[in-house]
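Reader: I'd like to learn how to read a model like this one, feature by feature. Could you take me through it?

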Amino acid sequence: MDTQQQLDDFQRRIDNGEKIEPKDWMPERYRKQLIRIMSQHAHSEIVGMLPEGNWITRAPSLRRKVALLAKVQDEAGHGLYLYSAAETLGISRDELVEQLLDGTAKYSSIFNYPTLTWADMGAVGWLVDGAAIINQVMLTKTSYGPYARAMVRICKEESFHQRQGYEIMLALANGTEAQKQMAQDALNRFWWPSLMMFGPRDEDSPNTEQSMKWKIKKKTNDELRQQFVDQTVPQADILGLTIPDPDLKWNEERGHYDFGEIDWEEFWNVVKGNGPCNLKRLEDRNAAWDNGAWVREAAVAHAEKQAAKRVSKSA
Ligand code: FAQ
């Protein structure tokens, strides 16, 4: 049991802006909350490779193919940093992967939508990475040291991803009428799911209050969502595309854009596993795990051989 004295001392450290490191004392709930957020984040990076991986073989030029391939590889790297950072909290990577594969773990709702056209690669980079960066820049300041440090590198790579997505949109928006329409259609389909990435409204978010007290999160879901809308609307204007929200309007008094109501029923449906691609994503991850078994076995056998060689050399 955590004593009141321990809890008070911990809160004092948080309030003073100190980083919490793996070997420091921490409340059990803080540890659990971090494992929850970090593992969901890691799983999102790994599942997030699937909708984009879908277009690697069909990218319209070698340059586009190379950039997309590099981006998808980066996402794998992000997943690996995050699994490693989560392991510092006393959970193993095997346990985390098992929770993803058996469907008990959550990952971002956005990756349960299909990527139907090449323009979706633009929309994912522009909007999905754009939303991810807003959230993750905040997380570079999170109170848990290993998570904050992992985020610094991840953010640098995500901002490159966001730009490559925007550049795809720019090329399409300035292309033929059919290309412009393809870009508009991708924006129409990805706009609302991107807003959902920030999670439920603050009043419906059970984790926000405690996460803010512990400075795991430094901004609420609604604050980050507003920041995303404010940043993205002018970018859509430059593209000459229309955001699919008739209620979107600059509010002079607030100094922010007002925007329409998210379809929360759709959000919770996708979170609960009933989105358009939830089943397919889990099937694909399970198939990748099964097909990769021989690689894992070979890597372990190789490591054992190397270790045995070292022992016989030193004997
Ligand atoms: N999808 O109380 P809250 C990326 C769940 S990375 C699914 O508000 P919290 C890079 C939530 O887990 C994208 N579930 O929760 C990339 C909770 O369930 P639980 C991922 C969601 O934690 C780009 C329940 O609802 N980023 O995209 C979602 O305070 C391109 C109640 O919610 C991160 O994970 C959702 N959208 O706030 C990769 C960043 N929203 O666990 C490839 C770190 C909420 O109690 C290609 N995470 N839920 O059963 C966070 O900042 C937070 O966890 C939030 C949710 C903001 C996602």
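Author: We'll look at the ligand site, then at a few residues. This is a predicted model, where local features need pLDDT of at least 70, side-chain atom pairs count only at pLDDT 80 or more, and totals for chains, interfaces and linings use all residues. Residues are numbered from 1 along each chain as its sequence is written, and side-chain values use heavy atoms, with hydrogens and water left out.

Reader: Let's start with the ligand, then. How many residues surround the ligand, and which are the closest?

Author: A residue is near a molecule if one of its heavy atoms lies within 4 Å of it. Here 36 residues surround the ligand, and Arg 36, Gln 40, Lys 106, Ser 205 and Lys 217 are the closest. Helices are DSSP runs of H or I with at least four residues, numbered from the N terminus. Helix H2 (28–47), helix H4 (62–87), H6, H7 and helix H11 (264–274) each give at least two residues to the shell around the ligand.

Reader: Which ligand atom is 2.6 Å from the side chain of Lys 106?

Author: A polar contact is a pair of N or O atoms within 3.5 Å; within protein, one must be able to donate a hydrogen and the other to accept it, and residues adjacent in sequence count only if both atoms are side-chain atoms. For Lys 106, a side-chain N or O atom is 2.6 Å from an oxygen atom of the ligand. Gln 40 has a polar side-chain atom 2.7 Å from a ligand oxygen, while Met 196 uses a polar backbone atom, 3.2 Å from a ligand nitrogen. On its own the ligand has 1,100 Å² of accessible area, and the protein covers 92% of that. Those areas come from the Shrake-Rupley method with a 1.4 Å probe; for residues, only the protein chains shown count as cover.

Reader: Now Ser 143. Is Ser 143 buried or exposed?

Author: Buried means under 20% relative accessible area, exposed over 50%, and partly exposed in between (1.4 Å probe, protein chains only). Ser 143 counts as buried because its relative accessibility is 3%. You'll find Ser 143 in the loop between helix H6 (119–139) and helix H7 (145–173).

Reader: What does the side chain of Ser 143 reach?

Author: The Ser 143 side chain reaches the backbone oxygen of Trp 214, at 2.8 Å. Beyond four places in sequence, the contacts of Ser 143 include Ile 14, Tyr 30, Trp 214 and Lys 215. Lys 215 is partly exposed because its relative accessible area is 26%. Its phi is near 55 degrees, a positive value in a residue other than glycine.

Reader: And Asp 230: what joins the side chains of Asp 230 and His 256?

Author: A polar contact of 2.4 Å joins them. Asp 230 is in helix H10, and it counts as buried because its relative accessibility is 19%. Leaving out residues up to four places away in sequence, Asp 230 touches Gly 255, His 256 and Tyr 257. Asp 230 and Gly 255 are 25 residues apart along the chain, with 9.3 Å between their C-alpha atoms.

Reader: Last one: where is Val 271 found?

Author: Val 271 is in helix H11. Val 271 counts as partly exposed because its relative accessibility is 25%. Apart from neighbours within four places in sequence, Val 271 is in contact with Lys 106 and Ser 109.

Conventions
Contact = heavy atoms within 4.5 Å.
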